[in-house]
Amino acid sequence: MVDFFGSVDWHTILTPKISIAELFVRATFMYFILLVLMRIILKRQGGGIGTADVLVIVLLAEVSGNGFTAEYKSLIEGAVLIATILFWTYCIEWLAHRFIFISRILHSPTLLLIENGKMLRKNMRAELVTVEELMAQLRENGIDECSKVKSACMEADGMISVVKAEQ
């Protein structure tokens with residue numbers, strides 16, 4: 001008979017090798033660095049989900065993955081890192097919901113790309129949107145030329161919304 005539980009080092013699995021405070025500080029520091037970098041660099045790449053969503057998914061995958069592969073000696077270390085990520089995610093979303101200036105920092109404003117049938121090239125350059133990409137979005141909305149568009153906007157999640165001009 002195989003003894004499945006006899007070879008498990010329970011003390012190592014449940015005893016952190018790094019202090020809980022240090023784990024919290026490390027996770028906090030990395031969370032905010034990644035949040036700032038993703039907010040600056042990524043807008044359109046996220047598609048239909050927000051930057052914070054992508055960040056949480058990536059961080060949780062990384063942190064929990066290490067717990068699965070014994071990169072940590074203690075599962076408690078992984079649990080503290082996961083809890084820290086989720087703690088900051090909740091706190092930041094709560095603050096953004098409560099305070100408009102934090103919401104403005106975290107969530108990009110809508111940017112007009114077409115107004116009354118005219119492309120706003122300065123705004124397009126700011127978001128690195130090419131004419132071809134914008135026209136592809138128009139065609140996906142059943143529009144074949146800019147003159148038929150009342151407005152097209154780059155939304156906070158990177159998607160382009162289109163409002164047809166009244167005929």
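Analyst: The chain's secondary structure comes to 7 helices and 4 strands. Along the sequence they follow the pattern α-α-α-α-α-β-β-α-α-β-β. Keep in mind that this is a predicted model.

User: What makes Ala165 count as partly exposed?

Analyst: The class between buried and exposed starts where buried, under 20%, ends, and exposed means over 50%. Ala165 has 22% relative accessibility, and therefore counts as partly exposed. The place of Ala165 is in the segment after strand 4, which spans 160–164.

User: How do you know which residues touch Ala165?

Analyst: Contact means heavy atoms within 4.5 Å. Leaving out residues up to four places away in sequence, Ala165 touches Ser147, Lys148, Val149 and Lys150. Val149 is 16 residues apart from Ala165 along the chain, and their C-alpha atoms are separated by 4.7 Å.

User: Which class does Asp157 fall into, and why?

Analyst: Asp157 has 27% relative accessibility, so Asp157 counts as partly exposed. Asp157 lies in the loop between strand 3 (149–154) and strand 4. From Asp157 to Thr110 the separation is 47 residues in sequence and 9.2 Å in space, C-alpha to C-alpha.

User: Why are some strands said to stand at the edges of the sheet?

Analyst: The sheet is open, and its 4 strands have the order 2-1-3-4 with antiparallel pairing. Strand 2 (118–119) and strand 4 each have a single partner strand, so one side of each is left without a neighbour in the sheet.

User: How do you know that strand 1 and strand 2 pair?

Analyst: Pairing needs at least two bridges between two strands. Strand 1 (residues 111–115) and strand 2 are joined over 2 bridges, in the antiparallel sense. Ile114 has Met119, in strand 2, as its bridge partner.

User: What makes a set of residues a nonpolar core, and which members touch the most others in the largest one?

Analyst: The members must be buried residues of nonpolar types, joined through side-chain atoms within 4.5 Å. The largest such core has 15 residues, of which Ile114, Leu134, Leu138 and Ile160 touch the most other members. Strand 1, helix 7 (131–140), strand 3 and strand 4 are the elements that give two or more residues to this core. A second, separate core has 11 residues, including Tyr31, Leu55, Val63 and Ile92.

User: How do you know that the buried residues of helix 7 are on the same side?

Analyst: The buried residues of helix 7 are Leu134, Met135 and Leu138. They cover an arc of only 100° around the axis, which puts them on the same side of helix 7. On the other side, Glu132, Arg139 and Glu140 are exposed. What covers the buried residues of helix 7 includes strand 1, strand 2, helix 6 (121–126), strand 3 and strand 4.

User: What follows helix 7?

Analyst: Gly142 follows helix 7, and its phi is positive, near 75°.

User: What share of the chain is buried?

Analyst: Of the 167 residues in the chain, 30% are buried.

Notes
Residues numbered from 1 in each chain as written. Predicted model: local features only at pLDDT ≥ 70, side-chain atom pairs only at ≥ 80, totals over all residues. Heavy atoms only, no water. Buried < 20%, exposed > 50% of the residue type's maximum accessible area, 1.4 Å probe, protein only. Arc of directions from axis to C-beta.
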